[in-house]
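Let's take a walk through this structure together, stopping at a few side-chain contacts along the way. Please have the sequence and the model open beside you.

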Amino acid sequence: MFKSPDLTNGLLPAIVTERGVLAMLVASQTLALLLAFSPMSYESIWVRLGIISLFVHCVSAIGFTVLSLLQHYLNRYSGIFEYSVIVIVFQVITFLLSLGVAVFEVTSAEFLDWPFIAKNSAICLFVTFLFLHFMAIFRDKITTYATLSRLELDALHARIRPHFFYNSLNTIAELTQQDSDSAEQAVLTLANLSQWAMHPNKLVPLTEELALSKKYIELERWRFRNKMSVHWSLPSTIPDILVPVLTVQPLVENAINYGVEGLIAGGEISISVEAFDHAVKITISNTIGTDVSKHKGQGMAQRNIKERLDLHYGPEAKLEIKQANKRYFASLTLPLQVKL
C-alpha cells in the first residue's frame with residue numbers, strides 16, 4: 001500500500017492525484033449543468049451548457065496544471081498557506097479567463113462587463129472552498145487509514161518477533177549442554193541478529209533481509225551441523241528494493257523447522273532470487289520431512305507475511321505455496337516500484 005504518493009502530508013498531494021482530478025471534473029460539470037439550466041438571457045440551454053462547460057473545464061485544467069507545477073515548492077508548507085495558494089491560483093485563473101472573454105465581446109462603444117467578471121470570481125471562490133472541504137475530508141480518511149495500517153503492521157511485526165527469538169533461544173539452550181564455545185558464539189550471533197530483527201524501519205533493503213536470513217541459518221547450523229545443507233542462487237546484483245522486515249527469514253525458519261528437523265538424515269534448503277522487469281521473485285524450497293499441513297506455526301507465519309504484504313503492496317505482491325517432487329516451495333513475488 002504505501003506505493004502511492006503520501007497523501008497524509010498536506011492537502012495538495014491529495015488534490016493533485018487521479019482521484020482529485022476526477023473529483024474536480026465531476027464538480028466542474030455539475031456546476032456547468034446548474035448554471036446552464038438556471039434562467040439566463042442568451043442562447044438555448046444546450047448552447048449555454050457547452051459554453052459554460054468549456055469555461056469551467058479550462059479553469060480546472062489550467063488550475064490543476066499550475067498546482068502540479070507548484071507542488072514541489074509547496075510540499076514544505078501546509079495549513080492556511082496551502083489553502084490560500086490553492087484559492088489564489090483558481091481565483092487568478094478565473095479572473096484572467098473572464099477578463100479575456102469580456103475583452104473578446106467588447107466593442108468600441110461598450111465597456112468591460114465587470115459584473116460578469118465579479119460573478120465568475122464569486123462562483124469560483126464558493127466552489128473552490130467547497131472542493132477544498134471535501135478533499136480535506138478525503139485526506140483525513142487517508143490519514144486515519146494509514147494510521148490504522150501502521151498499527152496493524154506493528155501488531156503483526158510484534159507477533160512474529162517472539163516466535164523468532166523463541167526458536168533461537170531453544171537452539172542456544174541445546175548448545176549449552178553440548179558445546180559451550182559454540183553456545184557462546186551462538187549468543188553473539190543472536191545478538192547481531194537481534195539488531196537486524198529490531199530494525200526501527202519497517203521496510204529494509206532486500207540485501208539486508210537476505211543477510212538476516214543468512215545470519216539465522218548460521219545460528220541454526222550449530223544445532224543441525226551436517227544434517228542441513230543450504231544452496232543459494234542469487235543474481236550478480238541484488239535488486240535495490242525495500243521489503244518488509246522479517247519477510248524472507250520466517251520462510252527460511254519454516255524450511256529448517258519443517259524440512260530439516262523432521263528428517264532423521266537431515267534435509268536440503270534452496271533459496272533463489274530472480275529479477276524480472278517489474279518484479280522480484282524469491283523462492284525458498286526444502287525437502288519435506290513431515291506433513292507440513294499439520295504444523296500450525298508454519299501457517300501462522302505465512303498468514304502473517306501475506307497480511308503484511310497486502311498492507312505494504314496491495315494485490316501486486318503475493319506469497320504462493322505448493323508441494324511438488326517431495327519438496328515444499330514458498331515463493332514471494334514483490335513489485336519493483338518500492339525502491340531505495
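A charge counts as sitting over a ring when NZ of Lys or CZ of Arg is within 6 Å of the ring centre and within 35 degrees of the ring normal. With that in mind, turn to Lys214: its charged end sits over the ring of Trp232, 5.1 Å from the ring's centre. Keep in view throughout that this is a predicted model.

How many aromatic pairs does the structure hold? There is one. It is made by Phe64 and Phe90, whose ring centres are 6.4 Å apart; their planes stand at 75°, so the pair is edge-to-face. The cut-off for that label is an angle over 60 degrees. Now trace where the two rings come from. Phe64 belongs to helix 3 (residues 45-74) and Phe90 to helix 4 (residues 80-105), so the contact ties together parts that lie 26 residues apart in sequence. Are these two residues, Phe64 and Phe90, buried or exposed? Both are buried.

From the helices, let's move on to a hairpin. Strand 6 (residues 318-324) and strand 7 (residues 327-335) pair in the antiparallel sense, and seven bridges join them. Two residues lie between the strands, and in this hairpin Asn325 takes a positive phi near 55°. Within the pairing, Glu320 stands opposite Ser331 of strand 7. There is also another charge over a ring to find: Lys322 lies over the face of Phe329, at 5.5 Å from the ring centre.

In one of them, Lys318 joins Glu320, with the closest N and O atoms 3.7 Å apart. The cut-off for such a contact is 4 Å. Lys318 is partly exposed, with a relative accessible area of 42%, and Glu320 also counts as partly exposed, at 36% relative accessibility.

Which residue forms a salt bridge with Arg327? The partner is Glu268, and the closest N and O atoms of this pair are 2.6 Å apart.

Key: Residues are numbered from 1 along each chain as its sequence is written. This is a predicted model: local features need pLDDT of at least 70, side-chain atom pairs count only at pLDDT 80 or more; totals for chains, interfaces and linings use all residues. Side-chain values use heavy atoms; hydrogens and water are left out. Rings of Phe, Tyr and Trp (its six-membered ring) pair if their centres lie within 6.5 Å; planes under 30 degrees apart count as stacked, over 60 as edge-to-face and the rest as tilted. Helices (H or I, at least four residues) and strands (E, at least two) are DSSP runs, numbered from the N terminus. Buried means under 20% relative accessible area, exposed over 50%, partly exposed in between (1.4 Å probe, protein chains only). Two strands pair if DSSP finds at least two bridges between them. A salt bridge is a side-chain nitrogen of Lys or Arg within 4 Å of a carboxyl oxygen of Asp or Glu.
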